[in-house]
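I opened this model to look up a few points one at a time. My notes follow in the order I took them.

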Amino acid sequence: MDVKTIILGFLSYGEMSGYDIKQAFTNSIGFFYDASFGAIYPALRKLEEEGYVTKQEIIQSGKPNKILYRITELGKETFLQEIQTPIIPAVLRSDMLVKIFFGKSRNEKEQKELMESCIEVQRQVLQQSLSTFKKLEASFDEYQRFCWEYTIHHLESTIAFLEQKSSTLLKQPAYSGSY
């Protein structure tokens with residue numbers, strides 16, 4: 001699913017500013033789909049050009065004016081059509097897995113540090129996710145709760161897998177020649 005469709009989904013809950021949309025990405029689906037302001041604002045411009053959203057400028061004294069976006073009926077119809085399309089298999093992009101993949105090129109100390117770092121980063125993300133989940137869980141519907149529980153389960157499973165497998169990897173000799 002693309003950023004424009006997700007923005008329409010967020011706007012189906014009510015009008016939002018670009019900042020609000022960024023917060024919605026970060027605080028609700030950021031673990032499995034995040035977007036930067038550099039992706040959000042061009043998508044909002046395109047959605048407005050296509051007639052899927054409208055914007056309203058709110059004059060504020062002492063600070064910059066606020067732009068609020070609202071989904072149109074055409075935007076609602078488009079969003080509902082888009083979420084009915086077939087599921088596309090996920091494309092996993094993981095900095096952690098790429099570094100582990102090439103881990104044999106590190107010396108033994110670096111390999112150990114890499115695995116410890118991978119586990120620690122996953123623990124930090126899990127703690128952050130648990131904290132955010134606790135703060136927001138009262139506002140979740142059952143589908144949103146499912147996604148958060150999936151995320152937490154995924155992180156817990158990743159940590160357990162890394163802990164289980166890291167000792168096996170660390171027994172392998174460091175890179176000493178060509179592949």
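This is a predicted model: local features need pLDDT of at least 70, side-chain atom pairs count only at pLDDT 80 or more; totals for chains, interfaces and linings use all residues.

**Entry 1: a pair of helices**

**Entry 2: residues of H6**

Is Gln122 buried or exposed? I found a relative accessibility of 14% for Gln122, so Gln122 counts as buried. The cut-off I used for buried is under 20% relative accessible area. Which residues does Gln122 contact, leaving aside its neighbours within four places in sequence? I noted Met96, Leu155, Thr158, Ile159 and Leu162.

Ile119 is also in helix H6. Its relative accessibility is 9%, so Ile119 is buried. Not counting residues up to four places away in sequence, Ile119 touches Leu162, Glu163 and Ser166. I checked a distance here too: Ile119 and Ala160 are 41 residues apart along the chain, and their C-alpha atoms are separated by 8.9 Å.

Glu110 has its place in helix H6 as well. With a relative accessible area of 34%, Glu110 is partly exposed.

**Entry 3: a residue of H7**

From H7 I took Ser167, which is found in that helix. Ser167 has 39% relative accessibility and counts as partly exposed. How far apart are the C-alpha atoms of Ser167 and Met115? I read 9.1 Å, for residues that lie 52 places apart along the chain.

**Entry 4: cysteines**

I looked for disulfides, which are pairs of cysteine sulfur atoms within 2.5 Å. By this rule I counted zero. I also looked up how accessible two cysteines are. Cys118 is buried, at 7% relative accessibility, while Cys147 is partly exposed, with a relative accessible area of 30%.

**Entry 5: the largest nonpolar core**

Next I looked up the largest nonpolar core, which has 21 residues. Which of its residues have the most contacts inside it? My list reads Ile7, Leu8, Phe10, Leu11, Ile21, Phe25 and Ile40. Two or more residues of this core come from each of helix H1 (3–11), helix H2 (18–29), helix H3 (37–49) and strand S2 (66–71). H1 gives the most, with six residues.

Leaving aside neighbours within four places in sequence, Phe10 is in contact with Met16, Ile21, Ala24, Phe25, Ser28 and Ile29.

I checked H1 against H2 first. Their axes come within 11 Å and cross at roughly 95°. Angles of 65 to 115 degrees count as roughly perpendicular, so H1 is roughly perpendicular to H2. On the H1 side the contact is made by Val3, Ile6, Ile7, Phe10 and Leu11. On the H2 side I noted Ile21, Ala24, Phe25, Ser28 and Ile29.

Then I checked H2 against H3. Their axes are 10 Å apart, and the packing angle is about 125°. How are H2 and H3 placed relative to each other? I put them down as oblique. Their crossing is right-handed. The H2 residues that meet H3 are Gly18, Tyr19, Ile21, Lys22 and Phe25. Their partners in H3 are Phe37, Ile40, Tyr41 and Leu44.

**Entry 6: a residue in a strand**

Last, I looked up Gln56, which is found in strand S1 (residues 53–58). The relative accessible area of Gln56 is 40%, so Gln56 is partly exposed. Leaving aside neighbours within four places in sequence, I found Gln56 in contact with Glu15, Lys66, Ile67, Leu68 and Arg70. I also noted the separation between Gln56 and Gly9: they are 47 residues apart in sequence and 19 Å apart in space, C-alpha to C-alpha.

Definitions and conventions
Residues are numbered from 1 along each chain as its sequence is written. Side-chain values use heavy atoms; hydrogens and water are left out. Buried means under 20% relative accessible area, exposed over 50%, partly exposed in between (1.4 Å probe, protein chains only). A nonpolar core is a set of buried Ala, Val, Leu, Ile, Met, Phe, Trp, Tyr and Cys residues joined through side-chain atoms within 4.5 Å. Helices (H or I, at least four residues) and strands (E, at least two) are DSSP runs, numbered from the N terminus. Contact means heavy atoms within 4.5 Å. Axes are lines fitted to C-alpha atoms, for helices over the stretch in contact, and angles run from 0 to 180 degrees between N-to-C directions. Angles under 35 degrees count as roughly parallel, over 145 as roughly antiparallel, 65 to 115 as roughly perpendicular and the rest as oblique. A crossing is left-handed if the near helix is turned anticlockwise from the far one by less than a right angle, and right-handed if clockwise.
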